[in-house]
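Have the sequence and the 3D view ready.

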Amino acid sequence: MSRPRWSERLAVAQASRARSDALRRRRVVERVEGVHVVVDGQPLINFCSNDYLGLAGSLDAVSALQEAAAWHGVGSGASALVSGHHVLHARFEREAAEWMGYERALYFPSGYTANLAVLQALLDGGDLCVQDKLNHACLLDGARLAGAELKRYPHRDFGGALRQLQSMPEAAAVLATDSVFSMDGDVAPLRELALAATGEHALFVVDEAHGVGVMGPEGRGACAAANLSARDVPALVAPLGKAFGGQGALVFGGTSLIEHLLQSARPYVFSTAGAPALAAAMSANLEAVRSQGWRRAKLASLVARFRRGALRHGLPVLESNTPIQPLVLGGNSRALAVARVLEQQGFWVAPIRPPTVPDGKARLRITLTAAHTEIEVDALVDVLASCLEDIDTGA
Ligand SMILES: Cc1ncc(COP(=O)(O)O)c(C=O)c1O
């Protein structure tokens, strides 16, 4: 037997993706003015960004970033434990912990690495990690990296979560869930899961990527909206690439948990700290998240308007009251075809296909933001309705 050739292996994988309409292509964004973008030369209205509050272009954040870059440069220069932890990171962590009601916060360069780090640092081989089937890839990967026993319960089934925790009563256990599910837009039964975790002495970890900023008092997220405190959710991860309009993530926890992460989370210890200028921009946007409730109110009203229109036209939207409004279309080719027609009409909604969603559940993941207008939302609904009708009647 001879060793397989890499060129052949890559060609076979690529051909298989092409056969199933699963090849993905990066688009080049040339200009951004809020939701108005120019993509590969074409002006489009963006309905697939996670900039839920419209803060990515906030003038306060941009000037905070510019000023901080003038003093601190564009990079941190080292990992946080060597010399990369700057005063701007320290200030942001303090402000954020106070806002969220936790003892401490730890700033990571991305949400993916923050979730990976929390699970890798907490769990060892032989421990148990119980997770929702639809959790984000980084939580699943974190449990795998730790070498823990990963058990996944059916989506939002807190009884299933409890049974899985009880199946290994001797093992140290973590129960981990997304608060708002990234591809379906629905919300986890957070109170019931917190009770199950407490009753089973498991540590409850919640990824608030799509909840923070959007839900709860002062935008503190879905856990805060469900009246859960730091005691109920000992580890809360808040990625900043969505409602905060930037990049990075905060992990909130008690002092002992954060100190443990600092010492032992490999993605933290062995990676360059995030740019201090970005931490300054995120401080500015934290102030906006906290004090500009009108952004959440406008977003909620646009979500309600979109749903009324979609349901009036019989569009197959999932049950979701968050800014994530998925339209499940089934096969990859159908999702691609609808996205193409939308684009011809000036709307950008990227089709989401496996492996991001299960086979046969390709979809348009429509996202609404506070930067859209009612006219734009109504226009999207009208175009979607006529486009689905045309595709289904073969017109
Ligand atoms: C639920 C969820 N968690 C974590 C992440 C990763 O965060 P980041 O993009 O900051 O790496 C994402 C998406 O990107 C997400 O949707």
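Phe 92 and Tyr 107 are both buried (under 20% relative accessible area with a 1.4 Å probe, counting protein chains only; over 50% would be exposed, and in between partly exposed). Keep in mind that this is a predicted model, where local features need pLDDT of at least 70, side-chain atom pairs count only at pLDDT 80 or more, and totals for chains, interfaces and linings use all residues. Residues are numbered from 1 along each chain as its sequence is written, and side-chain values use heavy atoms, leaving out hydrogens and water.

## A second pair

Now hop over to Trp 99 and Phe 244, an edge-to-face aromatic pair with 5.9 Å between centres and 70° between planes. (Rings of Phe, Tyr and Trp, using its six-membered ring, pair if their centres lie within 6.5 Å; planes under 30 degrees apart are stacked, over 60 edge-to-face, and the rest tilted.) Trp 99 sits in helix α4 and Phe 244 in the loop between β9 (235-239) and β10 (249-253), so this pair ties together parts 145 residues apart in sequence. (Helices, H or I with at least four residues, and strands, E with at least two, are DSSP runs numbered from the N terminus.)

Trp 99 counts as buried at 3% relative accessibility, and Phe 244 is buried too, at 1%. Trp 99, Tyr 102, Phe 244 and Phe 252 make up one aromatic cluster.

## The whole chain

Zooming out, the chain has 15 helices and 14 strands. Buried residues make up 50% of its 395 residues.
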